[in-house]
Every structure is written in C-alpha cells, then in structure tokens.
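Please read the following note with the model open beside it.

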Amino acid sequence: MPARTTAPTATAPDSSRVPEEAVTPLIRGVAVLEALTAAGGTMSPSALERATGLARSTVDRIVATLTRMEYVRLDGRDAVLTPRVMELGNAYLAALRLPVLLGSRADALADELDESVSLAVADRDGIRFIHQATRRRAMSLSFRIGDLLPAERTAPGPLFATEWTEADWTRWRTRRSADPRDRTFPAVPPAPPTRPEEDDKDFVRRTERAAADGWSLDDQLIEPGLVAVSAPVRDPRTGRLACVANVVSHTSRHTAADLRDTLLPRLRGAVAAMEEDLRGAPYAEPGPPPAGLATWTSASKQELGREFVESLARGLTVLTAFGEGRAALTLTEVARATGLARATARRALITYEHLDLVTHNTADRTFALSPRVLSLGFPPLAGTPLPRLAEPHLRTLTDRVQETTCLAALTETGDEIQYTARVTARHVMRVDIRVGTRIPATTDTAMGRVLLANQDHALADEELEEGVRTLAVPLHDRTGHTVAALTTSVHTARRTPQDCLDTLLPALTTTATHLETDLHTVSRFTPVPLT
C-alpha cells in the first residue's frame, strides 16, 4: 500500500528538527524544485529567493546545478522545469505499479461512463492523483497527475481517513488550524471562509459514513458545479487501501445523487476488476538501475567548480535508484544502484525521510519513495502537448542551422498533415508556413514520406512549392511508432540538396533524438497530445 508520509506544503520542516546528518544543500534544492512546481514550472531567481527564503547566491548555484542535470533550463532570466525532472516522479510511479496495473481499467471506465476517472493515493492528510483519464469538453477537469488536494474537500479523502491514526487526525487538525483557506494547495481554489469547527465535524461525519457505506461523495466541495463519487481499491494481500478510484462530473450532467444511483454501481464493478488484477499481478522484475551517476556528478563538479552543488546532484540521484521491481531498497542496494558511497547514500536517505520524500521500514531496514516525490516538478509537465515539448528544441535547432524549423503530425482522420509548432529564422526571404496549416497526407512530400512510409529521413526538392526544399526526419513514441515529423524548409538558392543532407540532416537527427527523450519521459505515465 502506498505510504502516507507527505506534508501538504512545499515548506521544509522547522530547521530546529533537522537531523544532524541531513544534507542542507539537498533540503534547499528540494525547496527550489517544490517552489517551481507550485508556481507552474517557471520562476525568476528573485521570485525563487522570496518563495524559499534562500540567499540569491544560493538560489543561483542550485539553479545552475539543476540546469546541469537538465532538470531546469534557463529562458532569459527565468528558471523553467524541463521534462527530464519527471524521471523523479516516474521512479515513484514505477515503484508503485498501480498506474500500470490499474490504469487501463480506469481508462475503460471513463470511456464507458463518458466522465473523467482518476486514481488517487493518500498523502498524509491530503490525496494525490496517480492516474487521470479525462474527457475533452469545453468545461474539462484541470487536475493533473501529481496534484495534491486537501482530503476534506474530496471524495477520496474520507475513505483514506478511515485508516487514519490519532496522530494523523492531530496532524490534520493542526494543518486546518494553520491554513483554513487551503492556501498551501495550489491545485485547488481557496476554500470559502466558513466556521472551521463545523467543517471539521462535517469531515468526521463524512469519514464515519464512508466507513459504513464503503464509498464517498464530493458534492461541490472543491468548487461549485464539481461533483465526484469514489470507491476504495484494496490491496488483496493486506486488505488495506491501495488507492481510490474516483469519477468526476459536473452538475450540468449529474447531481451527486445521480452519481450515487447511476454511476456508483458501475464504478464498484470496475473496482472489483481492479482488485482482481492486483490479486493476479506477478511480482515485478527489477529493471536496470541508473548507471554512472556518481561518476557524472564528480566530473561535473570538476568542470563547473563552486557553481555545481555536488551534494544536491548526488542526493537527487538517490531517488532514481527506485523503480519497477525496486520499490523497497536497503541502504546497501541504494548505494550499489547509484554508485555512491554508503555514507553519502545514507545521509541523502536521512534527509529525504526528514522531508517526507521516503519512508523507512525499520523491520526490514528498507526505504521506499513516498507520493510527495510527485511534488518535485511532475504536475506542471504532466500531459504537456508535443508541440510545447518541441518548442525549446526547435529554437535551439533554428539557432544552429539558421533555417525555419517545424513540427508536424497527422490529423486524427489521417488524411492530412498539420503543422503544430514552428520557429522562424531571420531571413529576408524565408519559408512562411503557419502553425495550423494543413496539407494532404501523401508520400509526395518529405513529411508524408516519414509519417506514412516510415523512412528515416526524406528530402523533397520543390515538391511543396517551387523554390523550396524540405527535409524531414521522424519522431517516435515509446513503442517506436512514428508520431510526428521534424522538418526544415529552405530556399533552393541558399542550399543544394547535398548541403541539406550533409549539414541539416545531422542537426535534425540530433534534435529528434533529444525531443524523443523528452517525449518518452513525459509519456511514461501521462498521455501526451500530439497537437
């Protein structure tokens, strides 16, 4: 069962309680990542300084280190989270296995009901989403995988609270007293001013009702119009909650009573199938752990010197030691997987336990990632469309080759090719193809050849338009399927066909490889729209 050891805020615990062996730069680095996440993925150095309380020089060194790790990129003066940071959250989700084992059931239920369906786990006195199957509507659900919600304003919350200890209830009341408007939960609108005592009593009553009924309702607790019904998915080995399946709708389609009477029976049927899937799931075979990370951090320190915070980089590599088949690791196993010294790995794990990012099972001396790992950059990037992923790569490519570059994909009907992203070069005479432009999907064009005939590259000489040469390479998803084409178009007076192959093709191929890496990281547990 997923551990419930996460604080709902991005603030580190009080410094007076920081263990002596904790790694201070790692605590500061986590604070920067969580601040970036809460802000939507982009912040200026001065904003990071205000949000974390760190000195500007410290913020600059942390950002420089995260940039070297490719977890952050600089856009002007702003620090921007990059898709690679999602490997931290991916490590947690892979170790958890629930999205892989149950995600297809949630997707099928969403298709059957034509409503959004999510899976959530407990995160101390909050709930965190680990899978989303949303419907495309004018008024659609904006929650993302990794988002944290206060338990008392959700349907899953009372179900999780049925397993709370007295210490859990005390922690919840303390948080409610300190933050009655839920300002520390950026994924939800602030709670309306009410009487806290009555709200607390109401949540207790809802928890008692959930324990008796085996399901729970949310009747517009997040915001007006939003209703949801939830049912627990239990771990067949322990009988405890593994996660909660949640169906969300709008009052224009269903009232809360409708959800209970109409959708709850089908939700329960899907939950029963999920529990059967868990019962029959084979043990996960551990995949290869990350390799060479300790050597890389040492080399980066030698190259960058003081600007590279080695203890932060090494600490973050510890999180990537976990994954499918590696859900619970001993200190020795963590050190072996990362190549770090035991003492270094131990201090990082102590720091993460202090920050509620890992849990420690003293019985078998193993450590496991907690849901709070998803607070390290995951929500702002979850579900990012491919054109947005491509934009920084296209800018770099255009700067390199000094030609306009584009991304294109087949439309849903498959009979047209649509330009979905573009970065223009600075030429008096340039190819001007606007985003959204569609052309017939045929093998007469370079893009058509790589999208339809799956060629590794294609050069079209004046086939799109007289005087225009177009070079395209394919972009592949995690399964190897071609999903888009990366292309550049040039005037025939500037480049010969051979020059295109000798100069532009290597640049396009390299860019496609980098973009594919981002696409594969983002799409591991979240669907990526192609347009």
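The numbered points below take up the conventions, then sheets, helices and a cavity.

1. This is a predicted model, in which local features need pLDDT of at least 70 and side-chain atom pairs count only at pLDDT 80 or more, while totals for chains, interfaces and linings use all residues. Residues are numbered from 1 along each chain as its sequence is written, and side-chain values use heavy atoms, with hydrogens and water left out.

2. Helices (H or I, at least four residues) and strands (E, at least two) are DSSP runs numbered from the N terminus, and two strands pair if DSSP finds at least two bridges between them. On these terms, three strands form an open sheet in the order 1-3-2 with antiparallel pairing, and its edges are strand 1 (42–43) and strand 2 (72–75), each of which pairs on one side only. Strand 1 is joined to strand 3 (residues 78–81) by two bridges, and Thr 42 has Val 80 as its bridge partner there.

3. Helix 3 (residues 56–68) lies across strand 2 and strand 3 and runs at about 110 degrees to strand 2. Contact here means heavy atoms within 4.5 Å; axes are lines fitted to C-alpha atoms, for helices over the stretch in contact, and angles run from 0 to 180 degrees between N-to-C directions.

4. Helix 4 (residues 86–96) is largely enclosed by the rest of the structure, because ten of its eleven residues are buried; buried means under 20% relative accessible area, exposed over 50%, and partly exposed in between, with a 1.4 Å probe and protein chains only. Among the buried residues are Met 86, Asn 90, Tyr 92 and Leu 96. Just after helix 4, Arg 97 takes a positive phi of about 75 degrees.

5. Strand 8 (226–234) is mostly covered, with eight of its nine residues buried. Strand 7 (residues 216–219) pairs with strand 8 in the antiparallel sense over four bridges, and Leu 217 stands opposite Val 229. Strand 8 is also joined to strand 9 by nine bridges, again running antiparallel, with Pro 232 opposite Val 244. In the hairpin of strand 8 and strand 9, which has six residues between the strands, Gly 239 takes a positive phi near 80 degrees.

6. What volume does the largest cavity have? The volume is about 80 Å³, where a cavity is a set of points on a 1 Å grid over the protein atoms alone at which a 1.4 Å probe fits but cannot get out, and lining residues have an atom within 4 Å of a point. Grid points are joined across faces, edges and corners, and a volume is the space filled by probe spheres set on the points. The largest cavity is lined by 14 residues, with Phe 143, Asp 218, Ala 228, Asn 246 and Val 248 nearest its centre.

7. An open sheet of six strands has the order 15-14-13-18-17-16 with antiparallel pairing. Strand 15 (438–440) and strand 16 (458–461) stand at the edges with a single partner strand each, so one side of each is left without a neighbour in the sheet. Strand 16 pairs with strand 17 (residues 468–476) over four bridges, and Ala 460 stands opposite Thr 470.

8. Helix 17 (residues 497–522) lies across strands including strand 13 and strand 17, running at about 30 degrees to strand 17. Asp 399, found in helix 15 (residues 386–401), is exposed, with a relative accessible area of 58%.

Methods
1 Å grid on protein atoms, 1.4 Å probe; cavity = no way out; pocket = protein on both sides within 12 Å on 5 of 7 lines; lining within 4 Å.
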